[in-house]
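User: Hello! Could you walk me through the inside of this protein, with the cut-offs spelled out as we go?
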Amino acid sequence: MPRSRIDSYYSLIKPAASLIGPSPRFRISAVAAIVAILAALLLTGCNSQSFQYAPEPPNPPAPLAPPQPPPPPLNQARLLNGNWMATYPGGPLRVVISLDPMLRGRNYVATLVDPSKTIPAGQVVWRGTLDPNVPGLVLADQVCADNGFVQARNVKARILVGDPSNFTEELVNPKECRGFPVTYTRVGPAPAEPQRD
């Protein structure tokens, strides 16, 4: 090819080569430099504090439980089940106190074992329930009768429990029936805890 043609060909290629860009060797080294810069940025970003695992916060201490008040003392009136001796007229007479199986809750039934002049053996002498507001108090209906179980009627009574082995029964109106107040004394040991209602 003649020199003039080569020069004219080169003059056409040179501007086109400048449009395409630098030489392929330069492009490879530029790409490598960009990759190296990006890798360096990525590594420094990953090593920053925001990308590190934060240490686990320590478990907070358990809250202190407030001191609990002592449990209330056991209501002694919940321990009336059992065998008793009562000072009814003509006594002392044996009485058995149990829970009424027909009623729910603490409903006592006192049954006379020994007969008296006014009430026969096996007769319920009083029925009572715990007072919900006053410990040691049972509100009762006492059977009152004349000699021979004549004119039997119920009168209101209060059972005042001092301890599991002794209590006193008094009438709300003391003139309704004679022989009151009546003192009960337990026969045998007192229960340690109440029978289930």
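Analyst: Happy to! Let's begin with burial: buried means under 20% relative accessible area, exposed over 50%, and partly exposed in between (1.4 Å probe, protein chains only). This is a predicted model, where local features need pLDDT of at least 70, side-chain atom pairs count only at pLDDT 80 or more, and totals for chains, interfaces and linings use all residues. Residues are numbered from 1 along each chain as its sequence is written, and side-chain values use heavy atoms, with hydrogens and water left out.

User: Is Asp100 buried or exposed?
Analyst: Asp100 sits in the loop between E2 and E3; strands (E, at least two residues) and helices (H or I, at least four) are DSSP runs numbered from the N terminus. Its relative accessible area is 12%, so Asp100 is buried.

User: With which side chain does the side chain of Asp100 make a polar contact?
Analyst: A polar contact is a pair of N or O atoms within 3.5 Å; within protein, one must be able to donate a hydrogen and the other to accept it, and residues adjacent in sequence count only if both atoms are side-chain atoms. Contact in general means heavy atoms within 4.5 Å, and beyond its neighbours within four places in sequence, Asp100 is in contact with Asn107, Val109 and Arg127. The polar contact, at 3.2 Å, is with the side chain of Arg127.

User: How many residues does the largest nonpolar core have?
Analyst: A nonpolar core is a set of buried Ala, Val, Leu, Ile, Met, Phe, Trp, Tyr and Cys residues joined through side-chain atoms within 4.5 Å. Leu80, Tyr88, Ile97, Trp126 and Tyr184 have the most contacts inside the largest one, whose residue count is 30.

User: How many aromatic pairs are found in the whole structure?
Analyst: Rings of Phe, Tyr and Trp (its six-membered ring) pair if their centres lie within 6.5 Å; planes under 30 degrees apart count as stacked, over 60 as edge-to-face and the rest as tilted. By that rule, a search of the whole structure gives six.

User: Why does the pair of Tyr88 and Phe180 tie together parts that are apart in sequence, and by how many residues?
Analyst: Tyr88 and Phe180 are edge-to-face, 6.1 Å centre to centre with 80° between the planes. Tyr88 lies in the loop between E1 and E2 and Phe180 in the loop between E7 and E8, so the parts they tie together are separated in sequence by 92 residues.
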